[in-house]
Amino acid sequence: MRYFILPLIFLVPLIAQTQSQDQLPPAQQKLQKALEKLAALPSCAFDARWGPYYDANRKHDNAAPVFIGVVKSEPGKATGSWDGDDLLIVVDDYGDELRYCGRRMLARQKGTPWSLRRGNFADGNMVNFAPDPQQLIHAMTRLKVEVTHRDVGSLFDRPVEILSVTLTKDQVIELRRSGLLPSGLASSGIAGMLANAMGRAIAVNGAAPARVAQPEPESAIDLAFFLEPGNGLLRRIVLRSYTKENHMGGMGIGVAIAINNGNGGQVELNADDDDEDGADKPDEPATQTARIELVYEAGLPKRTSKKMTVFDFMIDLHEHGTAKLPPLDDAQKELLGSK
């Protein structure tokens, strides 16, 4: 089983204390302004990584998590930049390049000629996920996310302000359905598979499968935003999700465990975790809840990872407003039908 570790060792927190509630409204305004500023930039470059988070202190089995009802999201990394309406993504694992120009997409692999594609790499494999930070940030500006914690620290030897957010259930649903997140970050669990199967099952006489409402994602998502205090530029965004693991031959079935309840760092958690040996705790209701005060590390609340699939998506941003894409050559223009 492959695991993914976010390189947060570059972050050295300088202050690790819960901020008073009166400091959060200014931080809220600062975050909203930073998101709007970044979304409006004409260009920017980025490095993105996503995949399961590995905790060395946690016991793992050999079963690979499969998110039922969605395309499995493998660990991946990519670099890229946007410039106006153009987006260039370089997927490191296989040397793939994707270039989105308006409504059309070009693809090539390891120096092969560019080809016109839609949703596929140059060799025909499906593009399960392609990061688009500009669109993701634009979506976040509309969600009006709420800051729950503030810290300061350093990132790559630069001072940063770290603002923390826990998405509400409705916000998780909106981002998951937007297609801007890796599928492993917000899973709809077995319900997604059953909904799709039901649509196929009730189709008759060769008709198209019935349109069945997709179930809600069953993951909690925390975010950490890293801002330069002087100019308010976003330098890093980290998203981390928690989805309940109920292994059935390696299949992870999600159950929501936490959502932001607006109490400034306090959340409701399902306290129905099994014992380490896998046996259920006797005489305890499955829906019992407990209230805890969250402790933050590197901008993210420390939650239990016991019997959880923990998935990370990190975006580093640079060349704010100065990133440039290579100009289109004649062959690319011919494929795109432009002069």
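Ring pairs join Trp50, Phe129 and Phe313 into a cluster in this predicted model. Rings of Phe, Tyr and Trp (its six-membered ring) count as a pair if their centres lie within 6.5 Å; planes under 30 degrees apart are stacked, over 60 edge-to-face, and the rest tilted. The structure holds three aromatic pairs. In one of them, the ring centres of tryptophan 50 and phenylalanine 129 are 5.0 Å apart and the planes stand at 80°, so the pair is edge-to-face. This pair links distant parts of the chain, 79 residues apart. Tryptophan 50 belongs to strand 2 (residues 43-52), whereas phenylalanine 129 lies in the loop between strand 8 (115-117) and helix 2 (133-143). Helices (H or I, at least four residues) and strands (E, at least two) are DSSP runs, numbered from the N terminus.

Phenylalanine 129 also pairs with phenylalanine 313. Their centres are 5.5 Å apart and their planes at 85°, so this pair too is edge-to-face. Phenylalanine 313 is in strand 19 (residues 308-318), so the pair ties together parts 184 residues apart in sequence. Both phenylalanines are buried. Tryptophan 50 is buried as well, with a relative accessible area of 6%; the value for phenylalanine 129 is 12%. Buried means under 20% relative accessible area, exposed over 50%, and partly exposed in between (1.4 Å probe, protein chains only).

Two arginines sit over aromatic rings. The charged end of arginine 240 is 4.2 Å from the ring centre of tyrosine 53. The charged end of arginine 236 is over phenylalanine 226, 5.9 Å from the ring centre. The criterion is NZ of Lys or CZ of Arg within 6 Å of the ring centre and within 35 degrees of the ring normal.

Helix 3 (residues 169-178) has Gln171, Val172, Ile173, Leu175 and Arg176 buried. Their cover includes helix 2, strand 10 (158-166) and strand 11 (220-227). Helix 2 and helix 3 pack at about 155°, with axes 11 Å apart. Axes are lines fitted to C-alpha atoms, for helices over the stretch in contact; angles run from 0 to 180 degrees between N-to-C directions. The two helices are therefore roughly antiparallel (over 145 degrees). Leu136, Ala139 and Leu143 of helix 2 make the contact with Gln171, Glu174 and Leu175 of helix 3. Contact means heavy atoms within 4.5 Å. Glycine 179 follows helix 3, with a positive phi near 80°.

Residues are numbered from 1 along each chain as its sequence is written, and side-chain values use heavy atoms, without hydrogens and water. Local features need pLDDT of at least 70 and side-chain atom pairs count only at pLDDT 80 or more, while totals for chains, interfaces and linings use all residues.

Note on methods:
Angles under 35 degrees count as roughly parallel, over 145 as roughly antiparallel, 65 to 115 as roughly perpendicular and the rest as oblique.
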